[in-house]
Amino acid sequence: MSSNKIYAEAGVKLSDLVRVSIENNLTGLEWAAGIPGTVGGAVAVNASAFGEEMKNLVSDIKRYKNIILSVELKLKKNAQKNLIKKYFTYRRQTQPLDYPSAGCIFKNPSQLGNKMGAAPFSRGLPPLSPLPAGYLIDQCGLKEKKIGQAMISEKHANFIVNCGPLRRGASGAKAKDVIKLIQLIKKTVQKKFNLDLEEEIEYLPKRARQSRSPIG
Ligand SMILES: Cc1cc2nc3c(=O)[nH]c(=O)nc-3n(C[C@H](O)[C@H](O)[C@H](O)COP(=O)(O)OP(=O)(O)OC[C@H]3O[C@@H](n4cnc5c(N)ncnc54)[C@H](O)[C@@H]3O)c2cc1C
């Protein structure tokens, strides 16, 4: 820490970084409270929420080849603790946090990609603002569609949740079921809205999956 700057190694949990920033009366990272993962991951994918994004805070990055080793963030004085509560409440109300998930599956598509022109569902949004993928999926009637133990969330249709038991060795959602749901969503949204949804998540090769997770 130095004045308004905060330094973190890439493996630090993003939630710990948010906590330390608040403890030191620094503002700028409140929006990141509740985003799972590490600081390195958040910088690599440019994590964002509530109109804020990681790249706007980063003042320095130390790398080895393409691996982020540590980052320095430039924040401002006067932590806004009340914002954290507000954002957490919003997440609880709108996201299926009681079930495991990978977060949002799809990026919100640009209206430019909408070959049908301004569709009724985009009314009220500025012309170039992204369309919420969750809303499009909901409009296709796909909420609660289940394959195996993988289900399109009833609370937020851009989340696919694992409804299975979480005991180690128990049979939960399989990667192949999640992939089938993703394909179903893409096909249905394309047919209804003539829009191609693009994944926000990344696919890992099978070998990498097996070394990271007991389920899959
Ligand atoms: C319930 C829930 C809510 C979420 N809400 C949000 C949200 O509001 N906003 C948002 O942006 N995301 C959100 N996410 C997504 C998720 O938290 C991010 O993708 C996370 O920031 C990725 O960090 P990670 O450490 O898990 O990285 P990983 O998932 O391990 O990796 C993600 C990518 O970053 C790369 N990477 C990771 N670490 C490094 C490093 N040190 N150097 C170089 N590359 C690296 C990996 O190679 C990979 O390509 C949410 C997820 C869940 C489950």
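Glu200 lies in the loop between α5 (175-193) and α6 (206-212). Helices (H or I, at least four residues) and strands (E, at least two) are DSSP runs, numbered from the N terminus. The model is predicted: local features need pLDDT of at least 70 and side-chain atom pairs pLDDT 80 or more, while totals for chains, interfaces and linings use all residues. Residues are numbered from 1 along each chain as its sequence is written, and side-chain values use heavy atoms, without hydrogens and water.

An unreviewed UniProt entry places the feature "active site" at Cys104 and Glu200. UniProt positions follow the numbering used here, feature names are shortened, and annotations may be inferred rather than shown by experiment. Cys104 is part of strand β8 (residues 101-104).

The table gives the relative accessible area of both residues. Buried means under 20%, exposed over 50%, and partly exposed in between (1.4 Å probe, protein chains only).

| Residue | Relative accessible area |
|---|---|
| Cys104 | 28%, partly exposed |
| Glu200 | 47%, partly exposed |

Contact means heavy atoms within 4.5 Å. Leaving out residues up to four places away in sequence, Cys104 touches His156, Asn158, Phe159, Glu200 and Ile201. With its neighbours within four places likewise set aside, Glu200 is in contact with Cys104, Ile105, Phe106 and Lys107.

Helix α1 (residues 14-23) has Leu14, Leu17, Val18, Ser21 and Ile22 as its buried residues. Down the axis of α1 they fall within an arc of 135°, so they line one face of the helix. This arc is taken from the directions from the helix axis to the C-beta atoms.
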